[in-house]
Amino acid sequence: MTSMSEPAHAGPPTFFSKQATVARPGFTRWMVPPAALAVHLCIGQAYAFSVFNGPLTKVIGITQSAPEDWSLTTLGWIFSLAIVFLGLSAAFAGKWLEHVGPRRTMFTAACCFGGGFLVSALGVWLHQIVLLYLGYGVIGGIGLGLGYVSPVSTLIRWFPDRRGMATGMAIMGFGGGAMIAAPLSVALMNHFKSATSVGVAETFIVLGIAYFISMSIGALAIRVPPADWKPAGWTPPDTSHKLITRNHVHIDEALKTPQFYLIWLVLFLNVTAGIGILGQASVMIQESFKNTVTPAAAAGFVGLLSLFNMGGRFVWASASDWVGRKNTYFIFFALGAVLYYLVPSFATTGNIALFVLAYCVILSMYGGGFSTVPAYLADMFGTAFVGGIHGRLLTAWAAAGVAGPVLVNYIRAYEVAHGVAKADAYTMTVHIMAALLVVGFICNLLVSRVNEKHHMSELQLANEQ
Amino acid sequence: MNETSTAVTPSSRIGLIVFWAYVLIPLAWGVINTLRQALKLFV
C-alpha cells in the first residue's frame, strides 16, 4: 500500500493544509454541520439547472427562439456532463481529498463550482456552447463531486455516535439547494432581463460569485477532530456481533471486498427506483388522473415530492442510527416494493390521496438512500478513508441516473406504442421498479462484516495519516 | 481528547447561532416557497 502522507518534518502547516484544520480547544462539533450545509445548499443548485433551459433557447431571439439559438437537446448535455463529472471527480479524487483534508477540498470545490458559472456566463455572452459544457458541465461538475463528498466524511468523524443524523443534515442540504436556487435564479433572470438579454449571463455571474463566497465560508469554518477525539461520555459500542467495525479499510482495499459491490448495488437499485419517477412525476400524475389533475396541481405534486425527498434525507438517516443501516435499507426495499406494487391500483380506483402518499414515501426513501449510505460505509469500512470510498460508490448514482430515466421512459413508450392506454402505461414500469427493489433487498441481505484480512494495521494507519 | 475539553464559550455560542441561521434561513425560504407550490395540489 502506497503512503500518500506528508512526512512529519514537511514544514509548518499552511492555512489550507489538513493539519491547520484540526480543531482547537473551545471548538464545538455543532459548527461542522452548518459548514457542510453551506457547501451542500450551494451544489444542490444542480437539480434546479433546468430553470435556465427555456431562457437559454432564446439567447439570440430574446422573445422567441431564433434558428441560431441552442436547442433543448444541445442544452441537455450541460446537466448530463455535470453529473458525469460529479461521479468521476468523487471517484478519482478520493485519495487526494483524504490526503489534503476537507478545507482545501471544499475551497477547490468552491473555485470550480463558482468558476464554472463564470465560464458559462462567458459562454452565454459569446454564444459558445462549448464554454457551457466546459464551465458548468466539466469544471462545475468537478466542484459538485468534491463539494459533495468532503463535508460528509468530515461529519462522520465528528459524530461517531450519530453518523446517520450528521450525514443526513448535509445531504438534506443537497436536496434543499434546488429549492433555494430555482426561485432565486428566476428572480435574478427577471431582474436582468432586457430588450437585448434574457438575463442568464448576468445571473450566472451573480450565482457564481455568491456560491463561491458561501462555499468558501463553509471551507473556512470546517474543522477535523484531533486523532484521539471522541464525544464526551461516549464509548464505542461493542462490535463483536454487529456490522460496525472499529477498524479501517484502505480505499484501494475496499474495492477488493464483496461488501463494496453489494452496497454499490444497494445504492444503484434504490436510486434507480426513485430517479426515473422523479423526472416523470408531473406527466405521470396527469396521465394517471386525466381531467382531474391540472398542470398547476401536478407542479404541486412535484414540489411535494421534492420536500419528501429532502426531508427523507434527514429523517431516514437519523433513524438509521437507531434501527441500523442494514435494517433501514431493508425498510426501503420492502416498503418501496409494496408501495410500487400498489400504486397502479390507487390510480385505477381514482384514489389520489393514497397515490400521492405512496409516492411521497417512496421519494423520502430515495433521498434516505443517499444520506444513509455514507454512514453504512463508515460502519463497514471505518472512517479513515470513508470520503474516498463514498466518492467511488457515487458511480452508482451516475449509473442510476442513466438507468432510471431510461427504464421509465422507454418502457412507457413501448407500452403506449403497443396500444396500452397512457393512464395504464406506468403499471409495467412500477412493477419493474418493485422487482428491482426486491433484488436490492437480496443484495442488502448478503452484506456481512468485512473480512479482517482487509483491515489496516496500526502502522499502516499511522503512515497514511 | 473528548468534548468536555472543548467546552463552548459564550462568544462561540453566538457564532454557532449566527452560522446556523446563515444556512437555515435560506433553506427555510426555499422550503416555504416549495410548500406554497405543493399546496396547489390540494386546491
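This is a predicted model: local features need pLDDT of at least 70, side-chain atom pairs count only at pLDDT 80 or more; totals for chains, interfaces and linings use all residues.
Chain A holds 17 helices and zero strands. Its radius of gyration is 23 Å, close to the 23 Å that the globule rule gives for 465 residues, so chain A is as compact as a globular protein of that length. Its C-alpha trace spans about 65 × 50 × 35 Å along the principal axes. Of its 465 residues, 53% count as buried. Take the contacts in chain A with a separation of 6 or more: residues 24 or more positions apart account for 81% of them.

Chain B has one helix and zero strands. Of its 43 residues, 23% count as buried.

## Where the chains meet

Chain B gives 28 residues to its contact with chain A, and chain A gives 32. On the chain B side, 16 of the residues are nonpolar, 10 are polar and two are charged.

## Two domains in chain A

The domain assignment divides chain A into domain 1 (19-230) and domain 2 (251-458). Their C-alpha centres lie 23 Å apart. The contact between them takes 28 residues from domain 1 and 31 residues from domain 2.

Look at the domain 1 side of this contact. Four helices of chain A each give two or more residues to it: α3 (72-92), α4 (94-100), α6 (129-158) and α7 (163-192). Helix α7 of chain A supplies the largest share, 11 residues. By class, this side has 14 nonpolar, nine polar and five charged residues.

## The nonpolar core

The largest nonpolar core has 154 residues. Within it, A:Met215 and A:Leu377 have the most contacts. Helix α13 of chain A (residues 352-381) gives the largest share of this core, 17 residues. Domain 1 and domain 2 of chain A both give residues to the core, so it lies between them.

A:Leu377 touches A:Ile263, A:Val386, A:Ile389, A:His390 and A:Leu393, with residues up to four places away in sequence left out.

## A residue in helix α10

A:Leu262 is found in helix α10 of chain A, residues 258-288.

Leaving aside neighbours within four places in sequence, A:Leu262 is in contact with A:Cys443, A:Leu446 and A:Val447. A:Leu262 and A:Ser288 are 26 residues apart in sequence. In space, C-alpha to C-alpha, these two are 35 Å apart.

## Two loop residues

A:Asn351 sits in the loop between α12 (325-348) and α13 of chain A. It counts as partly exposed, with 14 C-beta neighbours inside 10 Å. A:Asn351 and A:Met31 are 320 residues apart along the chain, and 45 Å separates their C-alpha atoms.

A:Ser71 has its place in the loop between α2 and α3 of chain A. How many other C-beta atoms lie within 10 Å of A:Ser71? There are 10, and A:Ser71 is exposed. A:Ser71 and A:Thr57 are 14 residues apart along the chain. Their C-alpha atoms are separated by 5.9 Å.

Technical notes: Residues are numbered from 1 along each chain as its sequence is written. Chains are lettered from A and ligands numbered from 1 in the order in which they are written. A nonpolar core is a set of buried Ala, Val, Leu, Ile, Met, Phe, Trp, Tyr and Cys residues joined through C-beta atoms within 7 Å. A residue is buried if 20 or more other C-beta atoms lie within 10 Å of its own, exposed if 12 or fewer, and partly exposed in between; C-beta atoms are placed from the backbone. Domain bounds come from an automatic or database domain assignment. Two residues are in contact if their C-beta atoms, placed from the backbone, lie within 7 Å. Ala, Val, Leu, Ile, Met, Phe, Trp, Tyr, Cys and Pro count as nonpolar, Asp, Glu, Lys and Arg as charged, and the others, Gly among them, as polar. The radius of gyration is taken over C-alpha atoms; the globule rule is 2.2 Å times the number of residues to the power 0.38.
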